[in-house]
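Student: I have a protein model to go through, and I would like to know what stands behind the words used for it. Can we take them one at a time?

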Amino acid sequence: MPVRLEGVTAWRGAVGGPNGRRRSRFTRSRQRRSSPPPTVEIGVRSRRGNPARARMRAVNGRILMQIGPYRIEPRLILAPMAGVTDKPFRRLCKRLGAGYAVSEMTASNPQLWETRKSRLRMDHDGEPAPIGVQIAGADPQMLAAAARHNVEHGAQIVDINMGCPAKKVCRVWSGSALLQDEVLVEQILRAVVAAVKVPVTLKIRTGWHRDHRNGPRIARMAEDCGIAALTIHGRTRDMHYSGSAEYDTIARIKQSAQIPIIANGDIDTPEKARAVLDYTGADALMIGRAAQGRPWIFAEIAHYLTTGEKLPEKSAAEVGRILVGHLRELHAFYGEHAGVRIARKHLGWYAKDRPENRAFMTVVNQAQCANQQIELAQQYFAQLERAEPAMQRAA
Ligand SMILES: Cc1cc2nc3c(=O)[nH]c(=O)nc-3n(C[C@H](O)[C@H](O)[C@H](O)COP(=O)(O)O)c2cc1C
(Lines give C-alpha, C1' and ligand atoms only; values in the text may rest on other atoms or scores of the structure.)
Protein backbone atom coordinates (compact mmCIF):
# COMPACT_ATOMS: atom_id res chain seq x y z
CA MET A 1 0.00 0.00 0.00
CA PRO A 2 1.52 3.34 -1.00
CA VAL A 3 2.19 5.53 2.02
CA ARG A 4 2.15 9.27 1.95
CA LEU A 5 4.34 11.13 4.33
CA GLU A 6 1.85 13.87 5.03
CA GLY A 7 2.63 15.72 8.20
CA VAL A 8 6.20 14.62 8.28
CA THR A 9 7.66 16.71 5.50
CA ALA A 10 9.47 18.45 8.34
CA TRP A 11 11.89 15.54 8.28
CA ARG A 12 13.39 16.86 5.10
CA GLY A 13 13.26 20.54 6.01
CA ALA A 14 14.55 20.19 9.49
CA VAL A 15 17.50 18.00 8.68
CA GLY A 16 20.38 20.40 9.06
CA GLY A 17 18.01 22.92 10.64
CA PRO A 18 16.20 25.88 9.16
CA ASN A 19 19.47 27.67 8.56
CA GLY A 20 21.61 24.62 8.18
CA ARG A 21 23.21 25.07 11.56
CA ARG A 22 21.42 22.43 13.58
CA ARG A 23 23.80 19.67 14.58
CA SER A 24 22.45 16.19 14.29
CA ARG A 25 23.90 13.08 15.89
CA PHE A 26 25.58 12.39 12.54
CA THR A 27 27.45 15.67 12.50
CA ARG A 28 28.28 15.46 16.17
CA SER A 29 29.69 11.99 15.75
CA ARG A 30 31.70 13.02 12.71
CA GLN A 31 33.11 15.93 14.63
CA ARG A 32 33.98 13.60 17.45
CA ARG A 33 35.87 11.35 15.09
CA SER A 34 38.13 14.14 13.92
CA SER A 35 39.04 15.13 17.48
CA PRO A 36 41.31 13.10 19.75
CA PRO A 37 39.54 10.12 21.33
CA PRO A 38 38.08 10.99 24.74
CA THR A 39 39.48 9.22 27.75
CA VAL A 40 37.22 7.46 30.20
CA GLU A 41 38.26 7.60 33.82
CA ILE A 42 36.74 5.09 36.14
CA GLY A 43 39.06 5.39 39.09
CA VAL A 44 42.68 5.12 39.99
CA ARG A 45 43.64 1.53 40.11
CA SER A 46 46.44 -0.33 38.49
CA ARG A 47 45.95 -3.75 36.97
CA ARG A 48 47.00 -6.37 39.45
CA GLY A 49 48.19 -9.89 39.01
CA ASN A 50 45.31 -12.28 38.97
CA PRO A 51 45.31 -16.04 39.35
CA ALA A 52 42.17 -16.36 37.24
CA ARG A 53 44.00 -14.78 34.33
CA ALA A 54 45.99 -17.99 34.00
CA ARG A 55 42.75 -19.69 33.06
CA MET A 56 42.27 -17.44 30.06
CA ARG A 57 44.24 -18.58 27.07
CA ALA A 58 45.89 -15.99 24.90
CA VAL A 59 46.21 -16.64 21.18
CA ASN A 60 47.99 -14.09 18.98
CA GLY A 61 47.76 -11.62 21.85
CA ARG A 62 43.98 -12.00 22.11
CA ILE A 63 42.48 -13.14 25.36
CA LEU A 64 39.99 -15.92 24.86
CA MET A 65 36.96 -16.33 26.99
CA GLN A 66 35.34 -19.69 27.53
CA ILE A 67 32.11 -20.80 29.22
CA GLY A 68 32.35 -24.55 29.64
CA PRO A 69 33.20 -25.89 26.17
CA TYR A 70 32.04 -22.71 24.40
CA ARG A 71 34.48 -20.08 23.30
CA ILE A 72 33.01 -16.60 23.53
CA GLU A 73 34.54 -14.57 20.77
CA PRO A 74 34.59 -11.62 20.86
CA ARG A 75 34.18 -11.51 24.61
CA LEU A 76 31.18 -9.23 24.33
CA ILE A 77 27.79 -10.49 25.46
CA LEU A 78 24.28 -9.20 24.88
CA ALA A 79 22.56 -8.85 28.29
CA PRO A 80 19.28 -10.61 28.94
CA MET A 81 16.50 -8.01 28.73
CA ALA A 82 12.89 -9.05 29.15
CA GLY A 83 10.83 -7.76 26.26
CA VAL A 84 13.93 -6.93 24.23
CA THR A 85 16.33 -9.84 23.73
CA ASP A 86 14.00 -12.09 21.80
CA LYS A 87 15.31 -14.39 19.09
CA PRO A 88 15.27 -11.77 16.31
CA PHE A 89 17.30 -9.35 18.42
CA ARG A 90 19.74 -12.00 19.65
CA ARG A 91 20.37 -13.18 16.11
CA LEU A 92 20.90 -9.63 14.92
CA CYS A 93 23.35 -8.79 17.71
CA LYS A 94 25.28 -12.01 17.12
CA ARG A 95 25.45 -11.20 13.41
CA LEU A 96 26.70 -7.71 14.25
CA GLY A 97 29.48 -8.75 16.54
CA ALA A 98 28.21 -10.13 19.87
CA GLY A 99 30.08 -13.25 20.91
CA TYR A 100 27.14 -14.55 22.87
CA ALA A 101 23.59 -13.50 23.75
CA VAL A 102 21.42 -14.51 26.68
CA SER A 103 17.68 -14.95 26.21
CA GLU A 104 14.99 -13.06 28.07
CA MET A 105 14.25 -14.75 31.36
CA THR A 106 11.96 -17.75 31.23
CA ALA A 107 9.69 -18.61 34.12
CA SER A 108 10.50 -21.58 36.36
CA ASN A 109 6.81 -22.23 36.98
CA PRO A 110 5.80 -25.15 34.70
CA GLN A 111 2.25 -23.80 34.49
CA LEU A 112 3.65 -20.97 32.38
CA TRP A 113 5.70 -23.09 29.98
CA GLU A 114 2.90 -23.72 27.54
CA THR A 115 1.86 -20.09 27.08
CA ARG A 116 2.56 -18.54 23.68
CA LYS A 117 5.01 -16.14 25.33
CA SER A 118 7.02 -18.98 26.90
CA ARG A 119 6.97 -21.01 23.70
CA LEU A 120 8.42 -18.08 21.78
CA ARG A 121 11.05 -17.56 24.47
CA MET A 122 12.06 -21.21 24.15
CA ASP A 123 12.31 -21.07 20.37
CA HIS A 124 15.98 -21.23 19.35
CA ASP A 125 15.56 -22.52 15.85
CA GLY A 126 18.26 -21.06 13.61
CA GLU A 127 20.05 -19.32 16.48
CA PRO A 128 23.85 -19.54 16.37
CA ALA A 129 25.52 -21.41 19.24
CA PRO A 130 26.02 -21.13 22.08
CA ILE A 131 22.37 -20.79 23.01
CA GLY A 132 22.02 -19.23 26.44
CA VAL A 133 18.74 -19.25 28.31
CA GLN A 134 18.05 -17.40 31.50
CA ILE A 135 15.76 -18.85 34.15
CA ALA A 136 14.11 -16.95 36.99
CA GLY A 137 12.43 -18.17 40.14
CA ALA A 138 13.01 -18.84 43.82
CA ASP A 139 12.31 -22.52 44.33
CA PRO A 140 15.44 -24.67 43.89
CA GLN A 141 13.60 -27.72 42.56
CA MET A 142 11.42 -25.69 40.21
CA LEU A 143 14.50 -23.93 38.89
CA ALA A 144 16.23 -27.28 38.43
CA ALA A 145 13.23 -28.56 36.47
CA ALA A 146 13.17 -25.35 34.40
CA ALA A 147 16.86 -25.80 33.61
CA ARG A 148 16.24 -29.39 32.43
CA HIS A 149 13.23 -28.31 30.39
CA ASN A 150 15.19 -25.57 28.65
CA VAL A 151 18.11 -27.88 27.92
CA GLU A 152 15.65 -30.30 26.32
CA HIS A 153 14.54 -27.35 24.16
CA GLY A 154 18.02 -26.42 23.00
CA ALA A 155 19.68 -24.43 25.79
CA GLN A 156 23.45 -24.98 25.75
CA ILE A 157 24.14 -22.67 28.69
CA VAL A 158 21.68 -21.99 31.52
CA ASP A 159 21.89 -18.65 33.28
CA ILE A 160 20.25 -18.01 36.66
CA ASN A 161 18.75 -14.58 37.18
CA MET A 162 19.73 -12.99 40.48
CA GLY A 163 20.26 -9.59 38.94
CA CYS A 164 16.88 -8.28 37.90
CA PRO A 165 15.32 -5.69 40.24
CA ALA A 166 11.90 -5.64 38.51
CA LYS A 167 9.05 -5.52 41.03
CA LYS A 168 7.19 -8.28 39.24
CA VAL A 169 10.23 -10.53 39.69
CA CYS A 170 11.26 -9.46 43.20
CA ARG A 171 7.75 -9.60 44.63
CA VAL A 172 7.96 -13.33 44.32
CA TRP A 173 11.39 -13.31 45.91
CA SER A 174 13.40 -13.99 42.80
CA GLY A 175 15.84 -11.99 40.68
CA SER A 176 18.10 -9.78 42.78
CA ALA A 177 15.86 -10.17 45.87
CA LEU A 178 17.40 -13.61 46.30
CA LEU A 179 20.72 -12.03 47.20
CA GLN A 180 19.27 -11.33 50.66
CA ASP A 181 19.01 -15.02 51.41
CA GLU A 182 22.40 -16.61 50.94
CA VAL A 183 21.27 -20.02 52.19
CA LEU A 184 18.60 -20.13 49.52
CA VAL A 185 21.08 -18.91 46.90
CA GLU A 186 23.33 -21.87 47.66
CA GLN A 187 20.43 -24.33 47.48
CA ILE A 188 19.40 -22.95 44.10
CA LEU A 189 22.92 -23.04 42.68
CA ARG A 190 23.51 -26.61 43.81
CA ALA A 191 20.13 -27.81 42.55
CA VAL A 192 20.47 -26.27 39.11
CA VAL A 193 24.09 -27.32 38.58
CA ALA A 194 23.21 -30.89 39.54
CA ALA A 195 20.17 -30.93 37.26
CA VAL A 196 21.89 -30.38 33.91
CA LYS A 197 25.07 -31.36 32.13
CA VAL A 198 25.47 -28.00 30.38
CA PRO A 199 27.37 -25.10 31.98
CA VAL A 200 25.33 -23.05 34.45
CA THR A 201 26.12 -19.36 34.85
CA LEU A 202 24.87 -16.81 37.36
CA LYS A 203 23.98 -13.14 37.00
CA ILE A 204 24.01 -10.96 40.11
CA ARG A 205 24.22 -7.39 41.25
CA THR A 206 27.00 -6.25 43.60
CA GLY A 207 24.65 -6.85 46.52
CA TRP A 208 21.06 -6.44 47.66
CA HIS A 209 21.63 -3.01 49.25
CA ARG A 210 24.33 -0.37 48.96
CA ASP A 211 25.18 -1.05 52.63
CA HIS A 212 25.18 -4.80 52.02
CA ARG A 213 27.36 -5.54 49.04
CA ASN A 214 27.56 -9.28 49.50
CA GLY A 215 28.54 -9.90 45.88
CA PRO A 216 32.02 -11.18 46.80
CA ARG A 217 30.52 -13.79 49.17
CA ILE A 218 27.99 -14.88 46.57
CA ALA A 219 30.81 -15.13 44.02
CA ARG A 220 32.80 -17.50 46.24
CA MET A 221 29.68 -19.56 46.82
CA ALA A 222 29.00 -19.68 43.07
CA GLU A 223 32.46 -21.00 42.42
CA ASP A 224 32.11 -23.67 45.13
CA CYS A 225 28.77 -24.76 43.67
CA GLY A 226 30.20 -25.30 40.19
CA ILE A 227 28.96 -22.16 38.42
CA ALA A 228 30.82 -21.80 35.11
CA ALA A 229 30.87 -18.00 34.82
CA LEU A 230 29.55 -15.06 36.82
CA THR A 231 28.11 -11.80 35.50
CA ILE A 232 28.05 -8.83 37.85
CA HIS A 233 26.01 -5.70 37.23
CA GLY A 234 27.80 -2.90 39.11
CA ARG A 235 24.76 -1.72 41.03
CA THR A 236 22.99 -2.96 44.14
CA ARG A 237 19.39 -4.06 44.00
CA ASP A 238 18.06 -0.97 45.82
CA MET A 239 19.68 1.27 43.20
CA HIS A 240 17.54 -0.21 40.42
CA TYR A 241 19.02 1.70 37.46
CA SER A 242 19.77 4.95 39.28
CA GLY A 243 23.22 6.42 39.80
CA SER A 244 26.20 4.97 38.00
CA ALA A 245 27.49 1.45 37.93
CA GLU A 246 30.60 1.03 40.08
CA TYR A 247 33.37 -1.31 39.10
CA ASP A 248 35.36 -1.61 42.34
CA THR A 249 33.28 -4.52 43.61
CA ILE A 250 33.59 -6.27 40.24
CA ALA A 251 37.37 -5.75 40.32
CA ARG A 252 37.51 -7.11 43.86
CA ILE A 253 35.55 -10.21 42.90
CA LYS A 254 37.70 -10.75 39.84
CA GLN A 255 40.89 -10.62 41.90
CA SER A 256 40.14 -13.83 43.70
CA ALA A 257 37.82 -15.55 41.23
CA GLN A 258 38.79 -18.77 39.52
CA ILE A 259 35.87 -18.67 37.11
CA PRO A 260 35.35 -16.18 34.26
CA ILE A 261 33.90 -12.87 35.42
CA ILE A 262 31.70 -10.78 33.14
CA ALA A 263 31.41 -7.07 33.95
CA ASN A 264 28.10 -5.33 33.29
CA GLY A 265 26.56 -1.91 33.74
CA ASP A 266 26.61 1.36 31.78
CA ILE A 267 29.03 0.17 29.11
CA ASP A 268 27.96 2.27 26.18
CA THR A 269 31.01 3.21 24.12
CA PRO A 270 34.16 1.48 22.92
CA GLU A 271 36.26 3.68 25.22
CA LYS A 272 34.16 2.76 28.23
CA ALA A 273 34.45 -0.90 27.32
CA ARG A 274 38.23 -0.66 27.19
CA ALA A 275 38.31 1.20 30.51
CA VAL A 276 36.03 -1.29 32.29
CA LEU A 277 38.04 -4.25 31.02
CA ASP A 278 41.30 -2.65 32.15
CA TYR A 279 39.95 -1.51 35.50
CA THR A 280 38.20 -4.69 36.54
CA GLY A 281 40.38 -7.25 34.78
CA ALA A 282 37.08 -8.91 33.78
CA ASP A 283 37.18 -11.69 31.23
CA ALA A 284 34.26 -10.37 29.22
CA LEU A 285 31.73 -7.55 29.07
CA MET A 286 27.96 -7.66 28.98
CA ILE A 287 26.05 -4.88 27.24
CA GLY A 288 22.34 -4.20 27.55
CA ARG A 289 20.71 -0.83 26.98
CA ALA A 290 23.44 0.51 24.72
CA ALA A 291 22.58 -2.22 22.19
CA GLN A 292 18.98 -1.04 21.92
CA GLY A 293 18.71 0.63 18.52
CA ARG A 294 22.46 0.11 18.07
CA PRO A 295 23.02 -3.64 17.74
CA TRP A 296 26.27 -3.02 15.85
CA ILE A 297 27.81 -1.65 19.08
CA PHE A 298 29.41 -5.07 19.56
CA ALA A 299 31.37 -4.76 16.31
CA GLU A 300 32.32 -1.20 17.23
CA ILE A 301 33.66 -2.27 20.61
CA ALA A 302 35.38 -5.39 19.26
CA HIS A 303 37.16 -3.33 16.63
CA TYR A 304 38.29 -0.77 19.18
CA LEU A 305 39.53 -3.41 21.60
CA THR A 306 41.57 -5.03 18.85
CA THR A 307 42.93 -1.98 17.03
CA GLY A 308 42.52 0.99 19.38
CA GLU A 309 40.66 2.74 16.57
CA LYS A 310 37.03 3.57 16.09
CA LEU A 311 34.95 2.37 13.20
CA PRO A 312 33.30 5.12 11.15
CA GLU A 313 29.75 5.98 12.21
CA LYS A 314 27.20 3.97 10.22
CA SER A 315 25.50 5.88 7.42
CA ALA A 316 21.74 6.39 7.47
CA ALA A 317 21.49 3.93 4.57
CA GLU A 318 23.30 1.22 6.54
CA VAL A 319 21.20 1.81 9.65
CA GLY A 320 18.04 1.77 7.53
CA ARG A 321 19.02 -1.60 6.05
CA ILE A 322 19.73 -3.11 9.47
CA LEU A 323 16.46 -1.77 10.84
CA VAL A 324 14.38 -3.09 7.96
CA GLY A 325 15.98 -6.54 8.29
CA HIS A 326 15.17 -6.44 12.00
CA LEU A 327 11.55 -5.45 11.30
CA ARG A 328 11.12 -8.30 8.83
CA GLU A 329 12.44 -10.79 11.40
CA LEU A 330 10.11 -9.45 14.10
CA HIS A 331 7.10 -9.69 11.77
CA ALA A 332 8.02 -13.25 10.80
CA PHE A 333 8.72 -14.36 14.38
CA TYR A 334 5.67 -12.89 16.13
CA GLY A 335 3.26 -12.78 13.21
CA GLU A 336 2.16 -9.54 11.60
CA HIS A 337 -0.21 -8.20 14.26
CA ALA A 338 2.05 -8.67 17.30
CA GLY A 339 5.25 -8.12 15.29
CA VAL A 340 4.21 -4.63 14.15
CA ARG A 341 3.45 -3.61 17.74
CA ILE A 342 6.59 -5.14 19.26
CA ALA A 343 8.68 -3.46 16.57
CA ARG A 344 7.58 0.01 17.69
CA LYS A 345 9.92 0.22 20.66
CA HIS A 346 12.84 -0.85 18.46
CA LEU A 347 11.89 1.80 15.89
CA GLY A 348 11.96 4.36 18.68
CA TRP A 349 15.44 3.26 19.73
CA TYR A 350 16.86 3.27 16.21
CA ALA A 351 15.50 6.77 15.65
CA LYS A 352 16.04 8.24 19.08
CA ASP A 353 18.94 10.55 18.26
CA ARG A 354 18.03 11.18 14.65
CA PRO A 355 16.61 14.37 13.21
CA GLU A 356 12.85 14.75 13.42
CA ASN A 357 12.50 11.48 15.22
CA ARG A 358 9.32 12.58 17.01
CA ALA A 359 7.53 13.31 13.76
CA PHE A 360 8.72 10.01 12.39
CA MET A 361 7.55 8.07 15.45
CA THR A 362 4.14 9.74 15.42
CA VAL A 363 3.58 8.57 11.89
CA VAL A 364 5.24 5.18 11.98
CA ASN A 365 3.40 4.20 15.17
CA GLN A 366 0.16 4.45 13.25
CA ALA A 367 1.23 1.75 10.83
CA GLN A 368 -1.03 -1.25 11.31
CA CYS A 369 0.52 -3.64 8.84
CA ALA A 370 4.04 -4.91 8.25
CA ASN A 371 4.45 -3.45 4.76
CA GLN A 372 3.39 -0.01 5.86
CA GLN A 373 5.77 -0.05 8.82
CA ILE A 374 8.66 -1.13 6.63
CA GLU A 375 7.85 1.39 3.93
CA LEU A 376 7.70 4.28 6.39
CA ALA A 377 10.99 3.26 7.97
CA GLN A 378 12.61 2.98 4.54
CA GLN A 379 11.34 6.41 3.50
CA TYR A 380 12.58 8.03 6.69
CA PHE A 381 16.08 6.61 6.42
CA ALA A 382 16.20 7.36 2.68
CA GLN A 383 15.48 10.99 3.51
CA LEU A 384 18.20 11.00 6.12
CA GLU A 385 20.56 9.48 3.58
CA ARG A 386 19.81 12.19 1.04
CA ALA A 387 20.38 14.83 3.70
CA GLU A 388 23.71 13.43 4.85
CA PRO A 389 25.98 15.34 2.40
CA ALA A 390 24.31 18.61 3.43
CA MET A 391 24.76 17.71 7.06
CA GLN A 392 28.40 16.91 6.52
CA ARG A 393 28.92 20.26 4.80
CA ALA A 394 27.19 22.03 7.67
CA ALA A 395 29.34 20.24 10.23
C1 LIG B 1 14.29 -3.62 29.64
C2 LIG B 1 15.24 -4.40 30.50
C3 LIG B 1 14.93 -5.71 30.82
C4 LIG B 1 15.81 -6.46 31.62
N5 LIG B 1 15.53 -7.77 31.85
C6 LIG B 1 16.43 -8.53 32.53
C7 LIG B 1 16.21 -9.92 32.68
O8 LIG B 1 15.22 -10.50 32.21
N9 LIG B 1 17.15 -10.63 33.37
C10 LIG B 1 18.27 -10.05 33.91
O11 LIG B 1 19.09 -10.72 34.52
N12 LIG B 1 18.50 -8.72 33.75
C13 LIG B 1 17.61 -7.98 33.08
N14 LIG B 1 17.88 -6.64 32.85
C15 LIG B 1 19.16 -6.08 33.31
C16 LIG B 1 20.22 -6.15 32.21
O17 LIG B 1 20.52 -7.47 31.87
C18 LIG B 1 21.52 -5.43 32.63
O19 LIG B 1 22.06 -6.10 33.75
C20 LIG B 1 21.32 -3.97 32.98
O21 LIG B 1 20.51 -3.32 32.02
C22 LIG B 1 22.65 -3.22 33.11
O23 LIG B 1 23.37 -3.29 31.91
P24 LIG B 1 23.41 -2.03 30.87
O25 LIG B 1 23.83 -0.82 31.65
O26 LIG B 1 24.41 -2.44 29.84
O27 LIG B 1 22.03 -1.88 30.34
C28 LIG B 1 17.00 -5.88 32.12
C29 LIG B 1 17.29 -4.55 31.79
C30 LIG B 1 16.43 -3.81 31.00
C31 LIG B 1 16.79 -2.39 30.65
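Tutor: Start with Ser315, which is found in the loop between α11 (297–307) and α12 (316–334). Keep in mind that this is a predicted model.

Student: Why is Ser315 called partly exposed?

Tutor: Ser315 has 14 other C-beta atoms within 10 Å. A residue is buried at 20 or more such atoms and exposed at 12 or fewer. The value for Ser315 lies in between, so Ser315 is partly exposed.

Student: What does Ser315 touch, leaving out residues up to four places away in sequence?

Tutor: Ser315 touches Glu385 and Glu388. The C-alpha atoms of Ser315 and Glu388 are separated by 8.2 Å, although the two residues are 73 residues apart along the chain.

Student: How do you know whether Ile374 is buried or exposed?

Tutor: Ile374, found in helix α15 (residues 370–394), has 20 C-beta neighbours inside 10 Å. The cut-off for buried is 20 or more, so Ile374 counts as buried.

Student: Which residues is Ile374 in contact with, leaving aside neighbours within four places in sequence?

Tutor: Ile374 is in contact with Val324 and Leu327. As for His326, its C-alpha atom is separated from that of Ile374 by 10.0 Å, and the two residues are 48 residues apart along the chain.

Student: What makes strand β9 (residues 200–207) mostly covered?

Tutor: Eight of the eight residues in β9 are buried. Each of them therefore has 20 or more other C-beta atoms within 10 Å.

Student: How do you know that β9 pairs with strand β10 (residues 229–236)?

Tutor: Pairing needs at least two bridges. β9 and β10 have six, in the parallel sense, so they pair. Gly207, for example, has Thr236 in β10 as its bridge partner. Strand β8 (residues 157–162) also runs parallel to β9, joined by five bridges, and Asn161 has Lys203 in β9 as its bridge partner.

Student: What lies with β9 and β10 in a β-α-β unit?

Tutor: Helix α8 (residues 215–225) does, and the unit is right-handed.

Student: Why do strand β5 (residues 76–78) and strand β6 (residues 100–107) count as paired?

Tutor: β5 and β6 share two parallel bridges. The requirement is at least two, so they count as paired. Leu78 stands opposite Ala101 in β6. On β6 and strand β7 (residues 131–136), the pairing is parallel over five bridges, with Val102 opposite Gly132 in β7. β6 and β7 also make a right-handed β-α-β unit with helix α4 (residues 116–121).

Student: Which residues touch the most other members of the largest nonpolar core?

Tutor: They are Ile77, Val192, Leu230, Ile262 and Leu285, in a core of 78 residues. Helix α7 (residues 182–195) gives the largest share of this core, six residues. Leaving aside neighbours within four places in sequence, Ile262 is in contact with residues including Ile77, Leu230 and Leu285.

Student: Which residues are closest to the ligand?

Tutor: Ala79, Met81, Ala82, Gly288 and Arg289 are the closest of the 22 residues that surround the ligand. By class, this shell has 10 nonpolar, eight polar and four charged residues.

Student: How many residues does the protein have, and what percentage count as buried?

Tutor: The protein has 395 residues, of which 44% count as buried. It has 15 helices and 12 strands.

Conventions:
Residues are numbered from 1 along each chain as its sequence is written. This is a predicted model: local features need pLDDT of at least 70, side-chain atom pairs count only at pLDDT 80 or more; totals for chains, interfaces and linings use all residues. A residue is near a molecule or strand if its C-beta atom, placed from the backbone, lies within 6 Å of it. Ala, Val, Leu, Ile, Met, Phe, Trp, Tyr, Cys and Pro count as nonpolar, Asp, Glu, Lys and Arg as charged, and the others, Gly among them, as polar. A nonpolar core is a set of buried Ala, Val, Leu, Ile, Met, Phe, Trp, Tyr and Cys residues joined through C-beta atoms within 7 Å. Helices (H or I, at least four residues) and strands (E, at least two) are DSSP runs, numbered from the N terminus. Two residues are in contact if their C-beta atoms, placed from the backbone, lie within 7 Å. A crossover is right-handed if, with the strands pointing away from the viewer, the path from the first strand over the helix to the second runs clockwise.
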